[in-house]
Amino acid sequence: MCGILGCVGDEVSSVLVRGLKRLEYRGYDSYGFATLGDSGIYVVKEVGKIGDVRLPSSKLGVAHTRWATHGRVSRENAHPHLSCDKGVAVVHNGIISNYLELKRELEEKGHKFTSETDSEVIAHLLEEYLKDHGLKDAMLKTVRRLKGDFSFIAMFEGVEVLAGARFGPPLVLGCGSGENFVASDVLAFIDRTDDVIFLDNGELVILGKGFYELFDLDGNPVKKRPVKVAWEVADVSKKEFAHYTLKEIHEQPSTIPRALIQDDGRLKPFLEALKGSPIYFVGCGTSYHACLVAKYLLAKVLKKPAEVILGSEVGYYSELMDGGVLIAISQSGETADVLKAVRMAKAKGMKVYSIVNQVNSTLARESDHFLSINCGPEIGVAATKSFTAQLALLELLVMGVAGKRPNLDGIGEAVGSVMHDELMKEIAERFKGSNDFYFVGRGIHYPIALEGALKLKELSYVHAEGMAAGELKHGTLALISDGTPVVVINPKDETYNETMSNAIELKSRGARIIGVSDEPSSVYDYHVKIPKLDWYAYPLVEVVPLQLLAYYMAVLRSEDPDHPRNLAKSVTVE
Ligand code: G6P
């Protein structure tokens with residue numbers, strides 16, 4: 001779960017630095033660059049986020065931003081990794097599962113390793129094969145030795161080309177004018193070109209300033225034409241906002257309506273699938289919470305049961321999952337646990353339908369059918385606008401099966417009305433010293449309570465628990481004492497009276513109540529006002545102030561909301 005980038009052109013140093021910064025959402029515990037100079041490969045590596053790096057002028061180079069998996073966070077373990085003769089530099093994303101065995105073999109041949117990473121074996125293998133083979137053959141021989149899920153880019157002393165390979169995590173070729181790129185994500189080079197080729201698994205590429213050559217594992221040419229990436233992908237600036245996370249929260253009045261614009265032909269197979277049974281939803285993190293909302297929608301609107309399983313848990317239900325429909329929800333479409341679940345389901349002959357933001361993702365490509373939530377790039381590590389877009393699309397689908405259209409015509413305005421920045425800042429200021437936060441709700445609001453707690457944990461590192469309000473009395477009430485902040489999600493629907501009773505119970509035990517509701521109440525220490533909507537639309541407006549609360553808590557506690565510690569946006573390892 002790292003970001004890799006390679007550029008070749010006339011002068012790429014600043015392009016590399018700018019591009020790598022855009023990949024930081026993929027990992028940011030250390031970073032590194034390699035460029036090519038007269039005296040060979042020049043390497044810069046550091047621990048931490050990418051600072052003000054100045055690289056020497058170069059016609060080509062590679063870059064890496066790391067989220068540690070093999071080997072602790074250190075300068076030595078940061079990429080690029082060099083071969084013994086310093087003639088090869090490699091940046092890698094993913095896992096080489098047989099690296100120990102390869103390392104032993106290479107050490108016996110005299111290779112000296114300088115890091116604890118699995119990645120370093122690639123540089124030494126390439127060095128070994130380059131002794132007797134040309135570059136293309138050395139690449140092929142190297143990848144044939146590697147096991148696991150990996151993508152990498154290599155550069156070579158004295159040759160003005162880069163080579164890349166994809167055997168798992170994404171790799172995209174950018175075809176510019178007089179310059180070419182290869183990276184984990186289009187975002188890395190979108191300011192230079194929007195003509196791209198998505199490498200499929202098992203494909204390799206060699207690229208120079210004015211050419212590229214794609215080939216497969218047998219060395220046969222792969223013919224693919226560049227495609228234009230959508231304009232939304234190009235919108236990667238923070239605009240007037242201090243952080244991407246804040247910008248993305250504020251984009252929701254326009255991203256939610258956009259998720260509802262779907263092509264009938266693409267919707268049809270989903271509507272048919274939702275009529276079948278059994279139905280399994282799979283997702284991780286925030287996308288898992290969207291699955292829980294879907295379960296509720298199905299129960300309420302279609303009177304149908306659905307199983308919701310965490311991506312990482314699906315393997316343990318393999319006996320149960322034997323036939324039926326799998327609906328996988330993933331913003332990135334690259335989450336390894338979700339992909340594993342999808343592959344298992346496909347192997348059992350199940351049909352897979354996915355809901356993604358990244359239409360060129362592995363998940364979209366491996367599914368029988370996919371729909372896009374169409375919310376543009378989400379750079380902030382914590383999912384915000386992608387969550388509400390997932391919910392809106394799920395509402396469209398479930399209502400669609402019932403032959404209706406959700407009443408979401410004024411939803412953009414409604415969401416605009418809950419951008420309570422000032423109030424949420426005030427609440428964050430009041431509770432920034434609290435060590436524990438609770439979020440409660442019932443029915444469709446229970447997943448929103450889970451999501452509110454997840455956002456707070458991710459962004460501000462405050463311990464938070466989301467739960468079904470009715471479960472308080474079975475344990476958690478014991479933790480409530482004078483001043484404990486509790487967010488009560490309580491719109492005026494079928495859950496209102498019972499949730500209000502829970503709020504009163506909490507208050508009588510000293511809790512400070514932050515009530516998210518369309519009805520004011522003296523029970524609330526803070527009333528976060530939401531508009532009156534149809535029951536299924538409430539989650540779209542109640543989660544937004546909770547995102548803002550998490551954001552302002554992070555800022556007031558001097559944390560970086562765009563880059564939460566130990567987390568990465570796209571989790572491509574199990
Ligand atoms: C990571 C991110 C979360 C996200 C989860 C699932 O853990 O930090 O924000 O919800 O992955 O991501 P996906 O791309 O599958 O929706």
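1. The shell around the ligand is made up of six nonpolar, seven polar and two charged residues. In this classification Ala, Val, Leu, Ile, Met, Phe, Trp, Tyr, Cys and Pro are nonpolar, Asp, Glu, Lys and Arg are charged, and the others, Gly among them, are polar. The model is predicted: local features need pLDDT of at least 70 and side-chain atom pairs pLDDT 80 or more, while totals for chains, interfaces and linings use all residues. Residue numbers run from 1 along each chain as its sequence is written, and side-chain values use heavy atoms, without hydrogens and water.

2. The ligand is surrounded by 15 residues, counted when a heavy atom lies within 4 Å of it. The closest are Ser287, Ser330, Gln331, Ser332 and Thr335. Domain 2 (238–416) and domain 3 (419–574) each supply at least three shell residues; the bounds come from an automatic or database domain assignment.

3. For Val381, a polar backbone atom is 3.2 Å from a ligand oxygen. Of the 390 Å² of accessible area that the ligand has on its own, the protein covers 90% (Shrake-Rupley method, 1.4 Å probe).

4. Elsewhere, the largest cavity holds about 70 Å³ of space. A cavity here is a set of points, on a 1 Å grid over the protein atoms alone, where a 1.4 Å probe fits but cannot get out; lining residues have an atom within 4 Å of a point. The volume is the space filled by probe spheres set on the points, which are joined across faces, edges and corners.

5. The lining of the largest cavity includes Cys2, Trp67, His70, His79, His92 and Asp118. By class, this lining has three nonpolar, seven polar and two charged residues.

Notes
A polar contact is a pair of N or O atoms within 3.5 Å; within protein, one must be able to donate a hydrogen and the other to accept it, and residues adjacent in sequence count only if both atoms are side-chain atoms. On a 1 Å grid over the protein atoms alone, a cavity is a set of points where a 1.4 Å probe fits but cannot get out, and a pocket is an open set with protein on both sides within 12 Å along at least five of seven lines; lining residues have an atom within 4 Å of a point.
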